[in-house]
Every structure is written in structure tokens, then in C-alpha cells.
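Trainee: Before we discuss this model, could you put it up for both of us and take me through it one topic at a time?

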Amino acid sequence: MNTAYSKELYDRACDVIPGGVSSPVRAFKNVKGHPLFIESAKGAYITDVDGNGYVDYVQSFGASILGHANEEVEKSVAKAVRAGTSFAAPTKGEIELAVKITERVPGCEMVRFVSSGTEAVMTAVRLARAFTKRSRIIKFDGCYHGHSDALLAGGGSGLATLGLPDSEGVTEGAVADTIVVEYNKVPELDESIACVIVEPVAANMGLVPPLPGFLPKLRQACDQVGALLIFDEVITGFRLGYGGASNLFNIEPDLWCFGKVVGGGFPLAAIGGHKVIMSSLAPLGGVYQAGTLSGNPVATAAGNKVLDLLDESSYGQLEEKASYLVDGMQKIFEAIGIKAVVNHFGTLFSVFLATDSVANYADAKISGDSHLYPIFFHEMLNNGIYLAPSPYETWFVSLSHGMAELDATLAAAKKAALAVAAR
Ligand SMILES: Cc1ncc(COP(=O)(O)O)c(C=O)c1O
């Protein structure tokens, strides 16, 4: 595969952009080589600047659920652009999107729009601290909640991929009130805890579903001490099901964080929650939060259209596609005789090599530390399948992935598994 122009652009980028990338999870440091520079994408496919096409399972790290460059979304966005791209004043599109979210997610009565998942989480934690008048927060090892200082401890995904324990530059003070505990185990809580934040289905250490009882018991534990429960649904929101993970598990957190799908591929995210808590936000209450581009009209046009195009049946289709790949890959691994497990929950899944059971971050690291993923990754890439350059990312199937793409993926997975076995 000729990727010479990508390499040339990468070398140029490295001069002016640290590591040549605008976000470290795009780097190929873990899998080695240089990142591909992307020219365009359509549906299930992504095309690099050298003209190579790949079936894409990154799908903008889950932001794209319909597939790339959906024509109806394109039309809505073009119309919004023609009407002006940013006013820093309220628009009707914000109300429409807020109504869609609150109608789909039981218990989520109000939302505030921001521009990234990181901001949504920062604000949710600030709200929880203000509302409870407590300082300490609990997060789970391997769950990623964006790159704000207090949440970077035990951050999974990008940090894990680069082999970093935590980020430099985060002061001890900034994380002094952050307690990191094991995923899938309900921690002991006390009345010093403002909130527990969790990815209801963890998707930043590979895909790690909650064990039966984990989420209901976590809800109970929070209620017992008056701590708020925050569901970080930046990945699971409108991806796992019509009403996200909380609706699927029938558990109401006190606050939600949404991102990715809800922004239709644009920089938009949201904090949601019960009115009594959300009313603490400025200008109603004393919790300050703001953003020049928050609720941007182009982003809300995209988010509105994407949510309009999703219904209950969309999730059935995504689940079928995911199951087809999961079953196929599991059979391939068994037939070839390599140790591997495909963790799967609904529309989401990921492959763990070198282990047969992953329920938390320590388990996931056994797979990451085996250094087998780069072999699998490059064989997939050479056979036209674009995966995230990290063993800790979840695979994202879109509604545009058809049988031809799924079968091509399984054919490539067989070659990739053979390459791993030959190692
Ligand atoms: C669960 C979760 N929370 C928060 C974030 C941060 O979102 P953003 O990258 O938009 O800041 C991510 C990003 O991948 C995420 O997966």
C-alpha cells in the first residue's frame, strides 16, 4: 500500500504540530508507523490522501453513526451555514435539540450545550460539587472523561495507549479530591463524596460492559450517602440505544454527559439532568459555565438531523451488524487457535488479544501489554480496514456498513489473526 503522501504530510505536520496530530489518540505511536492523512470519507469508507480507501471503524471515534457525509445532514448543515455560522445568541435549533434529548432520555429534564465532552464532564462535576457542597469525586480506573485536570487520573484510552500513568502538568492539588477505583466493583462511599462518575458501558479501555448488578448497586450506594451519580454517555448516548445507556439499563443518574453522536460530527456536547440540579447553572444559579461557540447553529443543525434520522430500528440494525462481526471474529480466533476475546454489548464491541476475559482496566492492560495489537492493526490496514491505532479503543459500526463491508472485515480479520498466530 502506497502511503507516501501521508508520510510527507506527517513529516511536514511534525514541524508545526506536536507529534503531527491535533489529538494524541490519532498518533500511530502505539502501533508504529505514521498516521494516515485523510482526504475524504463517505458512508462506511474513509479515503487517505494517497487515494487508498478503507472500511472505517473509527467513524470519528463514534461521532458518526449514520456513516460519513450523510446527504440529509449535509443539506441541513449547508442551510445553517448559509444563515450564518455563529451568533453567540440563542437560536431555535438549540431548543429543538434539547427537546429531542429530554424526550428520549427519561429523567433528563434540561440540557446545557457545550463544545466538547471534556467541557460537559467538567461542568457536570462542578455542578455536583456545588449541589452537594462536597469536594471529593470518584471515578473508575480505565474510564475516560476528557482531559480536564481533575479527571485525568486513571484515564484509560489515550493515556493507556501512550503508556502514560497520568498527565504531567496536573498538580497534586488538582487531583487531590479525585479517587480512582476499580471498574465493575461498587466502591465504599461516605458523606464526603460529591459524585461518582462512570461510563455505564466502559468504552475507553476497549469495550468493558458492566457486570450484572454493578450499575443498580452503584445507584443505591450513591443514594445512601447523598452523592450524585453522573453517567458519562459521551460514547453511549444515542449510540447504544434510542435513549442511551440510562434508558437501556433503566437507571436514572442525576446528571448525564453527552457528546459525539448528539453533535452529528460537529463540536457539540451537552450536560443534562434534573431541573433541580440544572437550575444551579448560571444565569439561574451560582455555578458558572460558558462558551462562545456553545450551541453553535451549524452543530445543532447537524445534531438535530442525525437524531431525526435515528429510530428504535436503527439500533436493531447496528446491533445485528455488531453481532455479525463479533461472532465471525470469535469463530476465526477459535479456529486459528489464538487466545483472544471480543467483548460485546449491543452496538459496541472490541477485540482483546492475548486474554480471554476482560472486566476491568487491569485485565485490559494484559492485552495492551502483549503488544500483539500492532500486528493485528497493520494487517487489517493493509487489507483495507481502518481501526483505531490503539488496543484500548472501541470499534464503531455505522448504519452505512453493509454486508460487503462486514464480510471484507472478517476476511481481513482472518489474515490478521493468522499474522498474530505466526508471531
Ligand atoms: C466517555 C467519554 N467522555 C468524555 C470524552 C471527552 O470528549 P471530547 O473528546 O469531546 O472532549 C470522551 C472522548 O472520547 C469519552 O469517550
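Mentor: Helices (H or I, at least four residues) and strands (E, at least two) are DSSP runs, numbered from the N terminus. The model is a predicted one, in which local features need pLDDT of at least 70 and side-chain atom pairs count only at pLDDT 80 or more, while totals for chains, interfaces and linings use all residues. Residues are numbered from 1 along each chain as its sequence is written.

Trainee: Which element gives the most to the shell around the ligand?

Mentor: The ligand is surrounded by 15 residues, where a residue is near a molecule if its C-beta atom, placed from the backbone, lies within 6 Å of it. The closest are S116, G117, T118, G146 and V234. With three residues, the element that gives the most to this shell is α4.

Trainee: At about what angle does helix α4 run to β9?

Mentor: Axes are lines fitted to C-alpha atoms, for helices over the stretch in contact (C-beta atoms, placed from the backbone, within 7 Å), and angles run from 0 to 180 degrees between N-to-C directions. Helix α4 (residues 117-132) lies across β4, β5, β7, β8, β9 and β10, and its angle to β9 is about 170 degrees.

Trainee: Which strands stand at the edges of the sheet?

Mentor: Two strands pair if DSSP finds at least two bridges between them, and the open sheet of seven strands, with mixed pairing, has the order β4-β10-β9-β8-β7-β5-β6. Each edge strand has a single partner strand, so one side of each is left without a neighbour in the sheet; these strands are β4 (110-114) and β6 (178-181).

Trainee: How many bridges join strand β5 to strand β7?

Mentor: Strand β5 (residues 136-140) and strand β7 (residues 193-198) run parallel, and R136 stands opposite I193 in β7. The number of bridges that join β5 to β7 is four.

Trainee: How far apart do the C-alpha centres of domain 1 and domain 2 lie?

Mentor: The domain bounds come from an automatic or database domain assignment, which gives domain 1 (4-69 + 312-422) and domain 2 (71-308). Their contact takes 33 residues from domain 1 and 32 residues from domain 2. The distance between the C-alpha centres of domain 1 and domain 2 is 25 Å.

Methods: Two residues are in contact if their C-beta atoms, placed from the backbone, lie within 7 Å.
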